[in-house]
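Have a look at the model first.

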Amino acid sequence: LKMFLEEYTTVQWSALNYMAAECNYGGRVTDAQDRKTIVKIMGDFYTPEILDPSYKFSTSGIYYCPPDTNIDGYLEYIESLPLNESPEVFWLHNNADLTALINESMSILRTAVSLLPRGGGGEGKSPEETYSEVAAGIQEQLPSAPFDIEAVTRKYPTDYNESMNTVLPQELLRFNKLFKVVADSCRELQKAVKGLAVMTPDLEEVGNAFLDNKVPQLWRKAPSYPSLKPLGGYVADFLSRLQFMTEWIDEGPPVVFWISGFFFTQAFLTGVKQNMARKFKVPIDKVIWNYHMQSAKSLPSVHTSMWQNDFQAPEKGCYVYGLFIQGARWDEEAGGINESFPKVLFEEVPVIWMEAVAAWEDGTPANHYLCPVYKESARKGVLSTTGHSSNHVIDMMIPVLEKHVIKGDPHKYWTRRGVALLTQLDD
């Protein structure tokens, strides 16, 4: 900082911003989306506009750089600031306050549940009886057997022109691994309670997780797909995914894909790109996505059936649904993302046509927001052996309204707002 201020005749704002955002703070951050956010935040402070007395850090005008004064003047300004900051100081929507309160309440409730006594008392059911019943209930809902991979590969043999014939068996293999762990643990837990099998530490952990309405760590290490849902929601979601795959096997690839139902979403998207590249003789590394939001009126027909609905399979790319937007909403009338409605934390977005096109045919509007897509609301993940994040899926380019373009930058407003798309909610 001293070097940049003393060795140059002018203040090197861009260099200072880069040093602070990318090196000082960003150097400790491994997530690319977090680094983008840091750059946008630091840009509000490392700017020549900060020398203008009328420049404010937020829309309320409460937060600004005070004029040059003594220590008493600075203390007076600090004491004038609100004790409880509103979300707007961070450029967040007022709904962020509600989200924070909900998260805090859920954390307290989870702690309270974990402190409940495990031992049975009186005439009530013992913990062993309780989680044995839960295990039996889950086992009853599961299919009788895993997917028959050999039968599927016979029905959908490897085809140069149809990558989905490769994607489907790969997905089924992943689901079979998780299915086996879930089914075996539920069956063995019931046997252990009856004294017919050894109660291992893993089974004991599964039983305790059932009592807490949590997803057992044994399932997560199966490995499971990322999910923050409680036990009931997780089981229902797992069964829906199995049903999605079963119907795909029976009826062929759907017209509109449930993007939330994939174990490894990136493989599916790569397969769609590969189909386009081979069909139109385009190098796959030159194939990009264009995103087209469809009418929200067509969404109910897709919820009814992914095969029989208002759409026809596109020549390029695919139709997907099942995404939820957090921090904003899709405004169909305005043709871009807009402010969330009060107390509406998430909103399902319409069907999206992900059009696979050659890079030289890119039709993405100039004003767009590079919106990250995550598998769960906790926006963190680890890199897998394939080089893909376990949580981040892709960045979708969503149109931005002119009023949200700040000094020619269409990304800043919604990046500071923390807007993202999620494949599933936490309930």
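Predicted model: local features only at pLDDT ≥ 70, side-chain atom pairs only at ≥ 80, totals over all residues.

Residues are numbered from 1 along each chain as its sequence is written, and side-chain values use heavy atoms, with hydrogens and water left out.

Q: Why is the pair Phe311 and Tyr319 called tilted?
A: Rings of Phe, Tyr and Trp (its six-membered ring) pair if their centres lie within 6.5 Å; planes under 30 degrees apart count as stacked, over 60 as edge-to-face and the rest as tilted. Here the centres are 4.7 Å apart and the planes sit at 45°, so tilted it is.

Q: What makes Tyr413 and Trp414 edge-to-face?
A: Their planes are at 90°, with 4.9 Å centre to centre.

Q: Why does Phe311 count as buried?
A: Buried means under 20% relative accessible area, exposed over 50%, partly exposed in between (1.4 Å probe, protein chains only). Phe311 has 9% relative accessibility, so it counts as buried. Tyr319 is buried too, at 11%, and both Tyr413 and Trp414 are buried.

Q: How do you know that the span of helix α8 is close to the expected one?
A: The expected span is 1.5 Å times one less than the number of residues. Helix α8 (residues 164-194) has 31 residues and reaches 45 Å from its first C-alpha to its last, close to the 45 Å expected. Just after α8 comes Gly195, with a positive phi of about 85°.

Notes:
Helix = DSSP H or I, 4+ residues; strand = E, 2+ residues; numbered from the N terminus.
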